[in-house]
Amino acid sequence: MSEQITLFDVSPRNATPEQKQKRNWENAFQRWCDKQHEDGTTSLGKCGYGFMCDWCDAEGVGRPCVRALNAMCRELNIVIDYSNRDFYLAWAGFHKD
């Protein structure tokens, strides 16, 4: 069996629990958005997802809702609580109806 050679003297990067929680939340959020769109139950935004679609620039490229949500949060200085799985609140743009 051959050994793996190291080209650079760099130690592997380990994700923190906060980074793992954020990644898990974002993946679940994208799946939730995809399901909402497939069900035809949404009527807002460019592709039918929500308020964050105003920040969407590429619907066909991986995780478009997550990227649009992150862009919206950066521009509007919104901080997401990744322990909360109320995706509708994020989908609606953090505006309570």
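This report walks through the fold, the confidence and the cysteines of a predicted model.

Residues are numbered from 1 along each chain as its sequence is written. Local features need pLDDT of at least 70 and side-chain atom pairs count only at pLDDT 80 or more, while totals for chains, interfaces and linings use all residues, and side-chain values use heavy atoms, with hydrogens and water left out.

Let's start with the fold. The protein chain has three helices and zero strands, in the order α-α-α from the N terminus; these are DSSP runs, H or I of at least four residues for helices and E of at least two for strands. The mean pLDDT (the predictor's confidence in each residue, from 0 to 100) is 76 for the chain, with 68% of residues at 70 or more. Two helices mark the ends of the range for the elements:

| Helix | Residues | Mean pLDDT |
|---|---|---|
| α3 | 87-91 | 77, the lowest |
| α2 | 64-76 | 88, the highest |

Where pLDDT is low, the predicted coordinates should not be read in detail.

Now for the cysteines. The structure holds zero disulfides, a disulfide being a pair of cysteine sulfur atoms within 2.5 Å. Cysteine 65 is buried, at 2% relative accessible area.

How values were computed
Buried means under 20% relative accessible area, exposed over 50%, partly exposed in between (1.4 Å probe, protein chains only).
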